[in-house]
Amino acid sequence: MAGRSIRKLAIRNLAAAATVFLMLGTGSVAWAAPAAERIVLGVIDYSGLAPSDLARAEAEASRVYARIGVEVTWTGTDVPVAPEDASRFFRVVILSRTMAQRLIKAEQLQDNVLGRAVRPARRAHIFMHRVGEAARGAADFTTLLGKVIAHEVGHLLLPGGHTEEGIMQGNLYPGNCRSLWFSEAQGAEIRSRLSRPGQA
Ligand SMILES: [Zn+2]
């Protein structure tokens, strides 16, 4: 009997959820949401992340872009890119400690640099060992990793450098990264760039 009543309740809740969903669905037509755009990020991880950690970091980066009306499609770097996606495809290379240290030394990068973006190559490098060290003892490192990915890809999508506030500020660390997002103006700039691929 108990089982049946629980099931009934569950069904009733499901019906209620469906109603709410329908109402929200109808409401969103009138709400002026930003035009949906899309980027495709090809990820390759040389640092040996657990697939679940990488997935969490990707979900965090997706959240950053979803806020400005940009959907992220995640893929690998060795997957053929559809011709219509070529202008919205960027690579995210998560480096091993050895690879990162070689690059950091060659380019004389500062101690607090967690990644770097190469605009002409449409590629972001992430220094995973530094992200791990920065996050040690603090919040879940995948949040910081997701924000760093969003930041470096932001450099590939935006003309300027660092800003005083938000996700494009120069210093991302576990204590401040959770609440960092693109500004409205940065969001508009990114959507505008993605909507006219020929002029990137
Ligand atoms: Zn930066």
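The largest nonpolar core of this predicted model, a core being a set of buried Ala, Val, Leu, Ile, Met, Phe, Trp, Tyr and Cys residues joined through C-beta atoms within 7 Å, has 39 residues, of which V92, A124, I126, V131, L144, I149 and V153 touch the most other members. A residue counts as buried if 20 or more other C-beta atoms lie within 10 Å of its own, as exposed if 12 or fewer do, and as partly exposed in between, with the C-beta atoms placed from the backbone. At least two residues of this core come from each of β1, α2, β2, β3, β5, α4 (128-135) and α5, and the largest share, nine residues, is supplied by α5. In soluble globular proteins, nonpolar side chains tend to be buried together.

Residues are numbered from 1 along each chain as its sequence is written. Because the model is predicted, local features need pLDDT of at least 70 and side-chain atom pairs count only at pLDDT 80 or more, whereas totals for chains, interfaces and linings use all residues.

The chain has seven helices and five strands, helices (H or I, at least four residues) and strands (E, at least two) being DSSP runs numbered from the N terminus. The five strands form an open sheet of mixed pairing in the order β2-β1-β3-β5-β4, two strands being paired if DSSP finds at least two bridges between them. Its edge strands, each pairing on one side only, are β2 (70-76) and β4 (115-118), and the twist from one strand to the next averages 25°.

Within the sheet, β1 (residues 37-45) and β3 (residues 89-95) run parallel and are joined by six bridges, with G42 opposite R91 in β3. Strand β3 also pairs with β5 in the parallel sense, over five bridges, and here I94 has I126 of β5 as its bridge partner. The pairing of β4 with β5 is antiparallel and runs over four bridges, A117 standing opposite A124 in β5. The hairpin of these two strands has four residues between them, and in it R122 takes a positive phi near 55°. Four of the five residues of β5 are buried, so this strand is largely enclosed by the rest of the structure.

Helix α5 (residues 141-157) lies across β1, β3, β4 and β5 (123-127), running at about 150° to β5; such angles run from 0 to 180 degrees between N-to-C directions, the axes being lines fitted to C-alpha atoms, for helices over the stretch in contact. This helix is mostly covered, with 15 of its 17 residues buried. Apart from its neighbours within four places in sequence, L144 is in contact with V131, A134, A135, L172, P174 and C177, where contact requires that the C-beta atoms of two residues, placed from the backbone, lie within 7 Å.

Where pLDDT is low, the predicted coordinates should not be read in detail.
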